[in-house]
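Good morning, and thank you for coming. I would like to take a few minutes on the helices of this protein and on its pocket. Please have the sequence and the structure in view.

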Amino acid sequence: MRTGYDLELVHLTKRYGDTVAVRDINHVFAPGSYVCLLGPSGCGKSSTLRMIAGHESVSEGSIVLDGSDVSSLSPAQRGTAMMFQNYALFPHLSVRDNVAFSLRMKGVDRETRHKQANDLLDLVQMSAFGDRQPAQLSGGQQQRVALARALITKPKVLLLDEPLSALDPFLRIQMRTELKKLQRELGIIFIHVTHGQDEALALADEVVVMNNAVIEQAGTPRDVFNAPRTEFVARFMGGHNVISLNGGKVALRADDVRLGETGLPATVTTVEYQGATVSLLAKTEAGEEVFAILPEESFFKAPKSPGEAVTLAWDEGRLHRLQA
């Protein structure tokens, strides 16, 4: 499978009646990249994914894959494949026949399609389960089958709609590792919709944060986390405080806050022990809440309880100015 395809969204807009779900977005997805579309419910990320897949029509603008405008093509013609949240496996077909289904629809003979299906089951470590039916599989196993079925068409772009949301936390972390490994092996673009910040930070080469039908910020996970442009991105990515200082708003990472001798007076409201760290929430005299994530050892040298007065301190260089 040759790599090097890129995908570009050009002035992409989606309207449902008077509601604008996606507003005039422009973005280039780099060849061979793992991209997470991140944002709260209703921000436009799933509509964007479904337009790329061809499951939603484009109101305005275009989708350009590998230099060709694919906006008007059917899902099967455009070189993308989508893995749905509910896996949508056929209950009466074997695992192997589920994976081979799209080839069967194209009239590929049984031997050829079964060989290709077996190769993909091998890739997702499910070769021992080819003769079973979906009901005999766990959630994680069903997900692998759905992944193999999406990949059998040899897509240039794989689209994943909240693929890990149905899994328990332990399996979710395991599948994250496997998705990333698979994407590296295939070398194609993966676009993964999620509202989980930790998922996006762990998986993505690029994080695209959406809010109110537009892209608020896109960049490497580290850039977006360390240098949020807006208050929304700082709050949504988590791990940051947004506080008013010197007449403007700034973001400050919770792990950059410490308890000091001089600084901002506050009152502790909550203390949570988290193993290696302690999370402390305090309220300033101005009524703003500030989170501090403190090393467990240093916190317990002088522990604090809710109701106690503390002084919050940080290095000035760690403050990050936000756009209004």
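This is a predicted model: local features need pLDDT of at least 70, side-chain atom pairs count only at pLDDT 80 or more; totals for chains, interfaces and linings use all residues.

Let me begin with a question: within how many Å do the axes of H2 and helix H3 come, and at roughly what angle do they cross? The axes of H2 and H3, the latter covering residues 110–123, come within 9 Å and cross at roughly 125 degrees. That angle makes H2 oblique to H3. As for its hand, this crossing is right-handed.

The next pair is H2 with H4. Here the axes come within 7 Å and cross at roughly 30 degrees. The two helices, H2 and H4, are therefore roughly parallel to each other. The crossing of H2 and H4 is right-handed. From H2, the contact draws on Val 95, Asn 98 and Val 99, and from H4 on Val 145, Ala 148 and Arg 149. Four of the residues in this contact are nonpolar, one is polar and one is charged.

H4 passes H5 in a right-handed crossing. H4 contributes Gly 140, Gln 143, Arg 144, Leu 147 and Leu 151, while H5 contributes Leu 171, Gln 174, Met 175, Glu 178, Leu 179, Leu 182 and Leu 186. By class, the contact of H4 with H5 contains seven nonpolar, three polar and two charged residues.

The largest pocket holds about 530 Å³ of space. It is lined by 23 residues, and the closest to its centre are Thr 80, Ala 81, Met 82, Ser 102 and Thr 153. Which elements give two or more residues to this lining? They are strand S6 (80–83), helix H2 (95–105) and helix H4 (139–151). The largest share, four residues, comes from S6. In terms of class, the lining has 15 nonpolar, five polar and three charged residues.

To close, H2 and H4 are helices that pack roughly parallel to each other, and both give two or more residues to the lining of the largest pocket.

Technical notes:
Residues are numbered from 1 along each chain as its sequence is written. Side-chain values use heavy atoms; hydrogens and water are left out. On a 1 Å grid over the protein atoms alone, a cavity is a set of points where a 1.4 Å probe fits but cannot get out, and a pocket is an open set with protein on both sides within 12 Å along at least five of seven lines; lining residues have an atom within 4 Å of a point. Grid points are joined across faces, edges and corners, and a volume is the space filled by probe spheres set on the points. Ala, Val, Leu, Ile, Met, Phe, Trp, Tyr, Cys and Pro count as nonpolar, Asp, Glu, Lys and Arg as charged, and the others, Gly among them, as polar. Axes are lines fitted to C-alpha atoms, for helices over the stretch in contact, and angles run from 0 to 180 degrees between N-to-C directions. Angles under 35 degrees count as roughly parallel, over 145 as roughly antiparallel, 65 to 115 as roughly perpendicular and the rest as oblique. A crossing is left-handed if the near helix is turned anticlockwise from the far one by less than a right angle, and right-handed if clockwise. Contact means heavy atoms within 4.5 Å.
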